[in-house]
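Here is a friendly walk through one protein chain for someone meeting it for the very first time. Take a look at the sequence and the model, then read on.

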Amino acid sequence: MASRSKSSIFSLGVDYSGSIHPDLPECPTDAERIDQFFQGWGFTPACDPGDLSTADAALIRDAIERWSDEIRASGGVGALVLYLGGHGRMHLGRHYTLAANSPAAPPYGGSKAIRADDLVEHLLNSGAKRALILLDVCHAGFAAAQVQQSVAQAAAAQAGPIMDLAVLVSCLHHEKSYSGAFVDALLCSLEQGSPQGHWKDGDEYVTLQELRDELRDRLQDEQCAEVAGRSGLKIVPNPRYRADAAARSAEAGELLRHLAPADREHFLRKAASTDAIDVGWFFTGRHRPSVRAVEWIGKADRGVLVVTGAPGAGKSAFLGRLAVLADRDSQSACRTLGMLDGDPATRPEVGAFDAVTHLKNRRVDDVALDIAQQLGIDVADSSSPARDLVLALADSGRRVTVLADALDEAERGEEEFVARDVLRAIGNLDGCTVVVGTRRDRDGRHDATPDDPGPLVSALRPRGGSFQILDLSADPVAEDDIAQYVADRLADRWPDLERRLVAAREVAVQSSRIFLYARFALRVLEGLPETVVHQLGWQDRLPSDVGAAGLHEVFAEDLQRFDDPVAIREVLTPLAFARGAGLPRRQVWPALATELSSTGRAYRDTDIARVIREAGWYLTEATEDGQAVYRLYHQAIADYLAQAVCDAG
């Protein structure tokens, strides 16, 4: 036996060729595939799967026992996986797996076959912390029940669980397991991902419950996988997981797949605060504001440029475009997406920004540490990172340009400290400029005057140098830009240009220069035939005029378009209060949705998966601590959902 590492795999598929039993030609090969998969993730093999494929039941049981004993003698390991494939039989209420020399008919006791209870006993005796049994045999559902019972009895005898153990079986108690089907579906699902969203690329491990649900989707009526024991066990690695994956909207994750992985991640990381689709393919217009911003970035010696506007005016998409265009590592993606076409006066120089940061849910020290790290300044041990960052820049005489988005979304109560102590302080330095995206106040309700541009904008005004305010809501050609945006995004579904333009113009008129309104209107139009524009009163199908009703009414109407709008709203609501990168969809999110439910509904992981599938465009997905986490796509949506909770309370 090989020496044991942190994890170990024992894989065996019985070879029945030449025996009295019907042959299962895929069985030995399946065992080898399982063995190779787990070896690829650092599991040490207990033996070559072919060594025991024709052995009698006694030898197989002895080999599993020796494996368990050696693991216990070595002090135990982190995780064990035991795969067993072959013919399954029931006798006297017990499940048996037949070896090549097992009798064709019962009894199967003693050393004639391999009993499911024995597998559990050997694993429990190993001293391992976690273990998984993969049982690919007929009538395996009976074995799953036996495993569950054995684990429960052992836990009762020890006054607590001995180990985290689960069993994933290929079929239910009354079903046959077809040779090759279980392993093929299992490995394909891990390599390809879950089309139904049972897990995401941001999850480091796939739980057994999620794997079971995916196998049922794939195998359909052929056989029905089942799990028993610790169904949430994290032991099966996700080959598609990337710890450094950038945040992305549900749509962007799919549409950017054709980019090389490195190009895609660089692009998404720089556009992390926005919808990469609108930054890339469908960024429309904004010619005059873009030229002004690029001129300021290139000419200002010091100072602050504020990009502001009403909620939904497109501030983050505007700044996200500048960020990716200036990013050296995103140039390939920009070229592929056509972002390098058009007027060069709207594009900043490559390398224009020395630091790019997103301020959502951040405190002043977090912002200073992030900017300092990007600038290569060590303030990690400082008691006042903001002060020491500014002092280091002043002493060095460096010329730097910083882009910071979403000041209004900083940790509540920290907005003005971030503005004053970090962003404005940097903009006060000779040779240093700062571009900031923010609402005029946190709630987006401030009515600006020449003397009062709003508390957040005022907090950014430097003592010297240039100070400019670029208000996207005041852009006189914003309606034309929105009309072009809608027409471009409808092109794949509405081939007739004239009809697209009719719809686009109506959306633009009702938008009140709010690009976010156009996103909601597009969701409606994409579900309608283009001939709808010839019907009397077709405009009534669009969301309410945002100028008359406000964005909150638009959100409320959009939720009503779902089959179960209450569930969608209640499941999305916890995300309005999320911090950091977002909420993990396992356990935490459904528990919070249940707690905040105004209807008393109880939500489960399956409800979360359904909302991610059906309402994914509301969400941004990221990776944090080895799991996929989610937040709402736009702060205005979070404002609406949070306000609804406050009103109900």
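Let's start with disulfides: the count comes to zero, where a disulfide is a pair of cysteine sulfur atoms within 2.5 Å. In general, a disulfide is a covalent bond between the sulfur atoms of two cysteines. Cys 432 is buried, with a relative accessible area of 0%, while Cys 646 is exposed, at 53%. Here buried means under 20% relative accessible area, exposed means over 50%, and partly exposed is what falls in between (1.4 Å probe, protein chains only).

A word on what you're looking at: this is a predicted model, in which local features need pLDDT of at least 70 and side-chain atom pairs count only at pLDDT 80 or more, while totals for chains, interfaces and linings use all residues. Residues are numbered from 1 along each chain as its sequence is written, and side-chain values use heavy atoms, with hydrogens and water left out.

**The chain as a whole**

The chain has 25 helices and 20 strands. Helices (H or I, at least four residues) and strands (E, at least two) are DSSP runs, numbered from the N terminus. Taken along the principal axes, the C-alpha atoms fill a box of roughly 90 × 70 × 50 Å. Of the 649 residues, 55% count as buried. If you take contacts (heavy atoms within 4.5 Å) between residues at least 6 apart in sequence, 73% of them join residues at least 24 apart.

How many aromatic pairs does the structure hold? There are 13. Rings of Phe, Tyr and Trp (its six-membered ring) pair if their centres lie within 6.5 Å; planes under 30 degrees apart count as stacked, over 60 as edge-to-face and the rest as tilted. Two of the pairs are set out here.

| Pair | Centre to centre | Angle between planes | Type |
|---|---|---|---|
| Phe 38 and Phe 43 | 5.0 Å | 70 degrees | edge-to-face |
| Trp 617 and Tyr 633 | 6.3 Å | 40 degrees | tilted |

Trp 617 lies in the loop between helix H24 (605–614) and strand E19 (619–624), and Tyr 633 in the loop between strand E20 (627–632) and helix H25 (635–648), so the pair ties together parts that are 16 residues apart in sequence. Both Trp 617 and Tyr 633 are buried. They also belong to one aromatic cluster, along with Phe 520, Phe 555, Phe 562, Tyr 618 and Tyr 640. Over in the other pair, Phe 38 is buried at 2% relative accessible area, and Phe 43 is buried at 7%.

**Two covered helices**

Helix H22 (residues 565–572) has six of its eight residues buried, so it is largely enclosed by the rest of the structure. Those buried residues are Pro 565, Ala 567, Ile 568, Glu 570, Val 571 and Leu 572. What covers them includes helix H21 (551–559), helix H23 (588–596), H24, E19, E20 and H25.

Helix H3 (residues 116–124) is mostly covered too, with eight of its nine residues buried. Among them are Asp 117, Asp 118 and His 122.

Most residues other than glycine have a negative phi, and most peptide bonds are trans. Against that background, a cis peptide bond joins Pro 106 and Pro 107, with omega at about 10 degrees. Pro 107 is in the loop between strand E5 (94–97) and strand E6 (114–115).

Ala 406 has a positive phi of about 70 degrees although it is not a glycine. You'll find Ala 406 in the loop between strand E15 (400–405) and helix H15 (415–427). Is Ala 406 buried or exposed? At 3% relative accessibility, Ala 406 counts as buried. Gln 587 also has a positive phi, near 65 degrees, but Gln 587 is exposed, with a relative accessible area of 64%.
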